[in-house]
Each structure stands twice: as structure tokens, then as C-alpha cells.
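The points below concern its surface and its charged side-chain pairs.

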Amino acid sequence: MAAALVLRVVDSLEDSNTDTLTIYSEASNGQMPNLDLINIVHFLVIHRQGLRVKIEKVGSLLNSVWLNFVGELVEWTGKVAARLNPQWRFGIPAVEYVDGTATLASLLYYQALGVPTGSHGAFRDYQVDAITLEFSPWTSSYKDIGQSAFLLRGGRLIGE
């Protein structure tokens with residue numbers, strides 16, 4: 001067995017107009033699966049099935065004044081560098097900097113704990129790369145048409 005996918009379907013708690021897929025990948029003792037597995041699933045989810053990918057973030061960092069200031073400073077530095085030499089393109093918007101930092105902090109937190117966030121963690125003990133795909137449809141589970149379309153998209157993703 002080269003890789004394993006653990007599937008979980010939950011009711012949507014958010015008000016969004018798209019189906020959402022959350023990827024969990026942490027294993028015991030802070031181990032991670034091969035990033036190729038995560039990147040392939042991420043690519044297929046976005047470009048082939050049109051689902052929204054959600055990654056857990058430390059929510060308190062998104063509203064941090066200090067982190068927003070650092071993000072603005074990074075954005076400003078990128079703009080100044082672009083004026084000095086238009087070929088330098090390393091500046092990113094402040095919002096993306098804050099979002100990326102919150103995502104990184106969340107991943108570091110779960111890796112430092114060393115406790116897997118799902119049943120995919122048990123596969124790592126046997127040297128099998130595994131991730132959990134948590135599907136969250138935006139439609140109510142009582143609507144048959146939306147549920148059928150959601151299951152079709154999820155099945156196509158797994159089949160690829």
C-alpha cells in the first residue's frame with residue numbers, strides 16, 4: 001500500500017455557496033505524509049472538481065494587530081523593491097501574509113502536539129502516507145439533488 005485516503009462527510013457549519021474539502025495530514029510524533037500526496041489532492045480538488053479547499057488556521061492570529069502590521073510592512077517592502085528593480089517580485093499582499101502565517105502556526109501547533117487529528121495518523125506507523133479528506137457540502141443533507149451532485153463530485157475526485 002503506497003497511500004491511503006480516509007474519507008469523512010460532515011454537515012456544513014458555514015454559510016458558503018460551494019462545497020468544501022478540508023485536508024488533515026498530521027500523524028503521530030509530528031510525522032507528515034509525503035507532500036506529493038497532499039499537493040496532488042489539492043490540485044485535483046481545485047482544478048478538476050472545483051471544490052473549495054479549507055485548511056485550519058489559528059483564528060486569533062487573523063485579527064492580530066501586530067501580525068497585520070508586519071504584513072503591511074512586508075507588502076510595503078515589496079512595493080519599494082519593485083520600484084527599485086521591476087524584476088524583483090517578492091512582495092505579497094498583507095492579507096495573504098497574515099493568512100499564510102495563521103496556517104503555518106496551526107500546522108506547527110498540531111505537529112508539536114504529536115497527536116494525529118484523525119484516523120489517518122494510524123497509517124503512518126506502518127510507513128503508509130495517509131490523509132483525511134473531510135467533505136462538507138453546502139447544501140442541506142435533505143435536498144436530494146444537491147446531495148447527489150456532491151456525491152458525484154466526491155466520487156470523481158476519489159476515482160482520479
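1. Which residues make a nonpolar surface patch of about 250 Å²? In this predicted model, the patch is formed by Leu 5, Leu 7 and Ile 158.

2. Ile 158 belongs to helix α6, which covers residues 144-159. The relative accessible area of Ile 158 is 39%, so this residue counts as partly exposed.

3. How many salt bridges does a search of the whole structure find? The search returns 2. Each is described in turn below.

4. Arg 8 is located in strand β1 (residues 3-9) and Glu 134 in strand β4 (residues 129-136), so the pair ties together parts that are 126 residues apart in sequence.

5. Are the two partners of this pair buried or exposed? Arg 8 is partly exposed, at a relative accessible area of 32%. Glu 134, by contrast, is buried, with a value of 14%; the cut-off for a buried residue is under 20%.

6. The other salt bridge is formed by the side chains of Glu 75 and Lys 79, at 3.7 Å from N to O. Both residues lie in helix α3 (residues 65-84), where they are 4 residues apart, about one turn of the helix. Lys 79 has a relative accessibility of 45% and is therefore classed as partly exposed.

Key:
Residues numbered from 1 in each chain as written. Predicted model: local features only at pLDDT ≥ 70, side-chain atom pairs only at ≥ 80, totals over all residues. Heavy atoms only, no water. Patch = residues over 30% accessible without salt bridge, like charges linked within 9 Å, V, L, I, M, F, W, Y side chains within 5 Å. Areas by Shrake-Rupley, 256 points an atom, 1.4 Å probe, with all protein chains shown as cover. Salt bridge = Lys/Arg side-chain N within 4 Å of Asp/Glu carboxyl O. Helix = DSSP H or I, 4+ residues; strand = E, 2+ residues; numbered from the N terminus. Buried < 20%, exposed > 50% of the residue type's maximum accessible area, 1.4 Å probe, protein only.
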